Amino acid sequence: MTQRITIDPITRLEGHGKIEIFLDDKGDVANTYFQIPELRGFERFCVGRPVEEMPLLTNRICGVCPEAHHMAAAKAADAVYHVDPPRTAKMLRELLYSAFYVTDHATHFYALAGPDFVMGPDAPVAERNILGVIHKVGLEIGGKVINARKAGHTVIEMIGGRKVHPCTSIPGGLTKGITNEQRDEILKLGQWAVEFGQFSLKLFNDIVLGNKAYVDLILGDIYTHRTYYMGMVDENNNTNFYDGKVRVVGPDGAELVKYAPQDYTQHIAEHVEPWTYLKFPYLKAVGWKGFTDGKDSGVYCATPLSRLNAADGMATPLAQEEYEKFYKTLGGKPVHQRLATHWARLIELLYAAERWVELASDPEIASDNFHTKPTEIPTEGVGIVEAPRGTLTHHYTTDERGVLTKVNLIVGTTNNYAPISMSIEKAARSLIKKGTVVTEPMLNMVEMAFRSYDPCFGCATHSLPGQMPLQVTIRNADGEPIEVLKQFC
Amino acid sequence: MTDNAKPKFAMYWAASCGGCEIAVLNIHEKILDVDANFEVVFWPVAMDAKYKDVEAMEDGSILLTLFNGGIRNDENEHIARLLRRKSQLLVAFGSCACEGCIPGLANLSPAGEIVHTAFNTVSTDNPHGIYPRASFDVPEGEITIPKIFPTLRTLDQVVDVDYYMPGCPPESHQIGAVIDLVVKVLHGEAQLPPKGSVIGAGNSTVCDECTRKRNVKSITSFKRIYDVEIDPELCLLEQGIPCNGPATRSGCNARCVSAGAQCIGCYGPAEGVVDYGARLIAAFASVIDSTDPEEIEAILDGIPDPAGQFYRFNLAGSLLKAGKPAWEKG
């Protein structure tokens with residue numbers, strides 16, 4: 001009898017991503033499909049618009065990470081006009097972006113991922129949420145997370161003009177700078193953010209690394225995939241979120257390629273399937289070999305873990321210390337265990353906070369030199385930043401008036417569509433076997449497989465209680481439900 | 001009072017970006033007022049809930065539903081109809097639900113072309129012309145995804161809407177004010193505004209909230225924002241920057257304009273404006289300092305994308321609703 005398990009994470013997903021698990025005659029997993037049901041069509045309807053509007057229009061791709069689209073669009077528009085913004089403009093953009101990273105990573109760790117570790121994957125459902133975390137480690141932690149969110153949004157608004165959907169980046173720089181008073185406030189908030197980053201890593205160290213069961217879970221096979229890894233690096237091969245070249249390393253850690261943004265089409269292609277609206281990017285040099293890992297499969301991953309794997313280190317001292325400890329603890333580079341992504345995310349948070357302070361301390365940050373007027377005829381340009389959820393590529397072609405004729409977007413989470421699908425399948429195969437009763441903690445373990453990627457179509461940061469509710473319906477061959485399981489209802 | 005005696009509240013996203021949800025989160029401690037006064041029965045951002053739980057509720061049992069996002073596919077429409085049936089008050093929340101927002105610009109093209117473009121970009125490897133299908137037979141069985149409609153529609157083009165709350169996203173202070181009002185109504189201290197009202201926004205234009213100086217009311221050319229050394233004090237339209245303030249509803253405190261960026265119109269048509277684009281065209285026409293048709297033509301050429309300029313957020317909700325190609329088979 002063929003059985004089908006539909007995991008329909010109805011809530012806390014933008015759109016309603018769906019996991020179909022098909023069982024074979026024996027009751028083992030035959031195949032899984034992770035479907036994305038939404039397409040709004042930005043690549044079509046942005047054509048005809050003036051390119052300087054792209055930082056405003058593409059914000060609306062994602063209200064959780066509009067800052068990432070705003071920056072990628074601004075950089076692509078700079079490239080279209082062949083204009084290099086003044087140093088102050090670039091620093092201000094990166095400063096906004098660093099503050100955004102602190103906010104975004106903090107929200108994800110504390111609200112979403114933290115509960116699995118702090119409370120444990122098999123803790124009672126009612127406790128496995130941010131409130132449970134607060135009860136266990138103390139009330140002040142909730143205040144700290146709210147402060148981190150507020151501090152980040154304060155900086156985003158000061159530089160970007162708005163808390164959601166920033167509006168100040170234009171080709172050649174920004175529409176405004178900051179005052180010395182604003183700089184002082186930003187610096188103070190940044191110093192607090194560094195402390196918050198250190199606090200978060202200490203918390204991870206005490207609660208997760210201090211518990212052998214969790215370390216075993218992280219190092220276990222269920223959540224391990226040996227893929228290629230992508231991340232942006234600066235001229236010293238250190239992680240950078242705003243600017244640099246995209247570096248890809250193999251499952252053995254060796255560099256496969258390091259490319260400049262404008263060369264991305266030589267290295268990246270996207271595979272399509274008829275059962276989903278989202279595409280599957282892969283490395284051209286290796287090729288699409290299906291949903292499989294290893295050196296011969298072009299599947300790559302672009303996450304905090306990937307960025308650390310793809311870099312040689314972090315550009316700031318405290319984050320660098322943590323980076324070294326990370327690889328020492330987990331047995332060298334690269335780390336393939338997906339659950340280590342949560343730790344990597346906190347190291348990135350600390351780096352972003354340190355970078356925030358570094359940029360706010362620069363004597364030129366409050367300068368009036370925040371815009372260079374473009375003078376050349378616009379043509380074509382690519383802008384790449386590291387979105388929290390993966391490398392984000394915007395590619396525009398315009399006519400001589402700067403009106404768009406072609407748009408291509410490879411969005412953060414899209415990079416990880418194939419690996420997420422693979423992680424779900426592997427977790428399902430490991431956990432669902434003939435004769436096993438599918439339990440709620442088991443579903444949570446499947447869910448943990450994709451939670452580590454912080455998928456944006458999961459709108460992970462939207463989630464306050466820190467759980468993706470799942471409903472599993474097991475159907476018989478006639479499609480009749482024979483059992484319905486709900487996760488935390 | 002037990003939880004079950006509290007009035008029920010729901011919030012939902014259809015074709016949207018999630019920014020409305022973030023704006024609601026940004027009201028911080030006011031969220032507690034919602035919690036104190038309502039039983040939240042369906043709110044993907046904050047709690048677990050499922051379609052079937054909503055389906056099981058009695059019709060009209062939810063007092064207030066905030067619905068954000070446009071209607072792009074059959075799943076969006078299904079939930080819009082479901083929540084309409086279950087809710088006493090349905091609010092079109094945010095620009096997408098009110099007027100289509102940026103995703104409404106898709107109505108300039110046939111839906112087929114949207115999919116075709118996405119599946120044929122420069123980085124897409126699609127030699128066999130594969131496109132997503134609403135229903136597809138994989139070896140193990142049939143799997144389905146929602147079907148895209150020919151155009152994106154606003155919420156009130158699909159179901160009856162009680163109130164409109166504009167903005168992309170609505171400003172958090174406005175969300176807070178609306179929550180205060182609703183709580184007062186619940187305690188018998190205030191009355192609801194008439195059905196069909198715009199709530200959480202002003203009654204005038206962004207220009208009325210803008211602190212920039214206005215001197216001459218005439219321009220001789222439109223300029224691209226990156227081409228101007230922006231005067232931080234002077235009206236942007238007077239500097240030649242096509243600023244949408246004159247046609248756009250107030251309520252945001254002229255936030256973008258204060259940051260040196262033009263108003264792009266996210267709060268939708270100002271009070272009494274039937275068609276946003278028509279009003280903006282009239283406003284721009286009135287500042288053009290020329291009577292010579294050729295010169296006027298040349299000045300207007302300074303606006304490179306009239307469709308986007310005049311209907312950036314409002315196309316789906318405008319009198320036009322869509323460009324002609326959207327109705328053709330694509």
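**Entry 1: strands across the chain boundary**

I began with strand 9 of chain A, which is joined by two bridges to strand 6 (residues 124-125) of chain B, the two strands running parallel. I keep in mind throughout that this is a predicted model. Looking for the residue that faces A:His271, I found B:Asp125, in strand 6 of chain B.

**Entry 2: the interface of chains A and B**

I then turned to the totals for the two chains, and noted that 87 residues of chain A are in contact with 85 residues of chain B. The area buried between chain A and chain B comes to about 7,200 Å², and carbon and sulfur atoms give 61% of that area. For charged pairs I recorded a count of five salt bridges between chain A and chain B. I looked up the salt bridge in which the side chain of A:Arg44 meets that of B:Glu113, with an N to O distance of 2.5 Å.

I next asked which elements of chain A supply at least two residues each to the side that touches chain B. Among them I listed strand 2 (18-23), strand 3 (29-35), helix 1 (42-45), helix 6 (140-160) and strand 14 (404-410), and also strand 9 (268-271), the strand of my opening entry. By residue class, I found that this side of chain A divides into 39 nonpolar, 23 polar and 25 charged residues.

**Entry 3: B:Asp305**

Is B:Asp305 buried or exposed? I count B:Asp305 as buried because its relative accessibility is 5%, and the cut-off for buried is under 20%. I located B:Asp305 in the loop between helix 11 (293-300) and helix 12 (306-311) of chain B. Setting aside its neighbours within four places in sequence, I found B:Asp305 in contact with A:Gly48, A:Arg49 and A:Pro50. With one of these, A:Arg49, the contact is also polar, side chain to side chain, at 2.6 Å.

**Entry 4: a sheet in chain A**

Last, I traced an open sheet of four strands in chain A, where the order is 8-7-6-11 and the pairing is mixed. I noted strand 8 (255-259) and strand 11 (300-301) of chain A as the edge strands, since each pairs on one side only. Within this sheet I followed strand 7 (residues 245-249) of chain A, which runs antiparallel to strand 8 of chain A and is joined to it by four bridges. For A:Val249 I wrote down A:Glu255, in strand 8 of chain A, as the bridge partner.

Terms used
Residues are numbered from 1 along each chain as its sequence is written. Chains are lettered from A and ligands numbered from 1 in the order in which they are written. This is a predicted model: local features need pLDDT of at least 70, side-chain atom pairs count only at pLDDT 80 or more; totals for chains, interfaces and linings use all residues. Side-chain values use heavy atoms; hydrogens and water are left out. Two strands pair if DSSP finds at least two bridges between them. Contact means heavy atoms within 4.5 Å. Buried area is the accessible area (1.4 Å probe) that two parts lose on being put together, summed over both. A salt bridge is a side-chain nitrogen of Lys or Arg within 4 Å of a carboxyl oxygen of Asp or Glu. Ala, Val, Leu, Ile, Met, Phe, Trp, Tyr, Cys and Pro count as nonpolar, Asp, Glu, Lys and Arg as charged, and the others, Gly among them, as polar. Buried means under 20% relative accessible area, exposed over 50%, partly exposed in between (1.4 Å probe, protein chains only). A polar contact is a pair of N or O atoms within 3.5 Å; within protein, one must be able to donate a hydrogen and the other to accept it, and residues adjacent in sequence count only if both atoms are side-chain atoms.
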